[in-house]
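Biologist: I'd like to go through the labels on this model and hear what backs each of them up. Could you take me through them one at a time?

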Amino acid sequence: MVTRLVLALGLWLSAAVLASAQDVAVTASVDRAMPRVNESFTYILRAEGRVRGEPNVAPLEQLFEILHSSQSTQIQIVNGQAEQVAEWIFQLMPRNPGKTLIPPIEVAGRFSNPVEIEILPALADTGVPDDIFLEVDVDPETAYVQSEVVYTLRLFVGVATGRAAITPPEVTGGEAIVERLGEDRRYRATRGGRDFEVNERRYAIFPQQPGKLTIGPATFEAMVIPSRGFSRVQRYRSEPVEVEVRPAVPPPPSHPNAVWLPAKRVELHEMWSDDPPELMVGVPATRTLTIEAVGLLETQLPEIEMARTDGVRQYADQPELERNVTPDGLVATRTERYAVLPQRSGEAELPGVELPWFNVETGRWEVASLPPRSVVIAPGAPTPTPEPQVEAPRDAPPAAAPAPSAGAWPALSALLGAGWLATLLLWWRSGRAPRAAVPAAEEPPRRPANRRLLRQLRAACERGDTAEAGRTLLEWAAARFASAPPRTLGALAERLPPAVAIEVRELEAALYGPERERWDGAGLAASLGEIDAAARSDGESPRDDGLRPLYR
């Protein structure tokens, strides 16, 4: 018994350890993907979950020299649950140049992702001008107007300093937009046989005019604290650099109205609320289109032009603009969401989307595109028709008499027989008498229902309640066009007078477009009289006076 209990306990502990290991997610990253052979870089291991033990750094020691390492652990509260996050940070010095794949590192029985880096050769030692100096790089040296130029500033410090400050470079020779690319990078490097602390800062510069653009110099000022002697304030400047800015290239003949969009890469992405999309008449679906561009500001991305589609309306929401910093520079995105509202059932084809752009690396125009999409639209749910409100008659008929007992059947049969003979005699006499006017059967009244719905619609317009106005208007349409009621506001607008149709389409745009909270129902309320007149003139006959003509 004890043996079984120990075995069960051991199995439970093994399962718990295995489950704990499976919950651990380990990711690896570096601060720079292209360090030089004599420059250090930072390698970060991040483990999310319960972690026991240390990472196995043997693969790192085979490829790099580990200059320094540190560890930190923190507890995060996510959705009311505590999650443990551990990080190991390593300062690594490369041994050899070339492309290197950092293999997966094991932590708590889990492995990180591999990381590929490229180690560049060391710069030629030309002598160190001072204990502190600056280096600058620009990429590219020849650019197009409004395209991205990445400016990299490196500050090398070989002595102790205090009260240090860096002044960014000034741009002269033309107007330009300057954006800082992320936070500074810190690492170690060797120059002239000496070890330096390096602070690297990058900027994205977008020239706005063609011609010569001068960047720099950048300035570093600090209190220098030498090993011997007195401290002193010193100022260091980088060398200025020039960039040749070319003018914009005219668009191709296939897209003569294309917007100037100089980038390294542009892509279009599409996503639906349901994939594949399931469309139904009168039920909006969400379609999301995203532009992703490398080497552009998010404010440079244009609005996506959507071609009109018969039977389908698309209302755009406010776009979302975003930027991310990558080793290649800025990556800008523009996300636009559309409320797709089918107007009739059947098959429809949404036209493709095209966005011309200029490739600054190849010097040619290209087109990012999405293919056309064929969709099937199902019929919408039937709109409930309001029941006419009929007033009960004032003089209600008396309640039916209770059924007779079984003993009264003979007398009841005789009475029914006599009634049948009397009815037959009256019918024979009525055929011989002059034909009198017979009142026609009255149709169920529709005017009270129409007036009630129009009063509700007017109240919704006065409150600015788009949802209530749209629902009431479709309910009125179901009563007004009972034989073939429209399922959407757009379909209803096609059956109304032009002035009223404009107001109905504005209501539909307010329901599914970006101006949902700015709809003014005064225009629709003012046109309700014209809607009522249209209802009386088509499909509603005047009430009958109950008399038929004497001659036909």
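Modeller: Let's start with a pair of charged side chains: aspartate 465 and arginine 463 form a salt bridge, with 3.8 Å from N to O. Bear in mind that this is a predicted model, where local features need pLDDT of at least 70, side-chain atom pairs need 80 or more, and totals for chains, interfaces and linings use all residues. Side-chain values use heavy atoms, without hydrogens or water, and residues are numbered from 1 along each chain as its sequence is written.

Biologist: What makes the contact between aspartate 465 and arginine 463 a salt bridge?

Modeller: The term asks for a side-chain nitrogen of Lys or Arg within 4 Å of a carboxyl oxygen of Asp or Glu. Aspartate 465 and arginine 463 come in at 3.8 Å, so they qualify.

Biologist: Are arginine 463 and aspartate 465 buried, partly exposed or exposed?

Modeller: Buried means under 20% relative accessible area, exposed means over 50%, and partly exposed is what lies in between (1.4 Å probe, protein chains only). Arginine 463 has 52%, so it counts as exposed. Aspartate 465 has 29%, so it is partly exposed. Elsewhere, salt bridges with shared partners join Asp137, Arg154, Arg185 and Glu200 into one network.

Biologist: How many salt bridges does the structure hold, and which residue does arginine 180 meet in one?

Modeller: There are 24 salt bridges. Arginine 180 meets aspartate 184 at 2.6 Å, N to O. Arginine 180 is partly exposed at 38%, and aspartate 184 is partly exposed at 21%.

Biologist: And why can you say that the pair of arginine 337 and glutamate 320 ties parts of the chain together?

Modeller: Their closest N and O atoms are 2.8 Å apart, which gives a salt bridge. Arginine 337 lies in strand β27 (residues 329-342) and glutamate 320 in strand β26 (residues 320-326), so the pair ties together parts 17 residues apart in sequence. Helices (H or I, at least four residues) and strands (E, at least two) are DSSP runs, numbered from the N terminus. Arginine 337 has 33% relative accessible area, so it is partly exposed, and glutamate 320 is partly exposed at 44%.

Biologist: Strand β27 also holds leucine 330. How do you know whether leucine 330 is buried or exposed?

Modeller: Leucine 330 has 1% relative accessibility, so it counts as buried. Its C-alpha atom is 9.8 Å from that of tyrosine 203, 127 residues apart along the chain.

Biologist: Why is the pair of tyrosine 43 and phenylalanine 90 called tilted?

Modeller: Their centres are 6.4 Å apart and their planes stand at 45 degrees, so the pair is tilted. Tyrosine 43 lies in strand β2 and phenylalanine 90 in strand β4 (residues 81-94), so parts 47 residues apart in sequence are tied together. Tyrosine 43 is buried at 0%, and phenylalanine 90 is buried at 5%. Ring pairs also link Tyr144, Trp260, Phe358 and Trp365 into a cluster.

Note on methods. Phe/Tyr/Trp six-rings, centres within 6.5 Å; stacked < 30°, edge-to-face > 60°.
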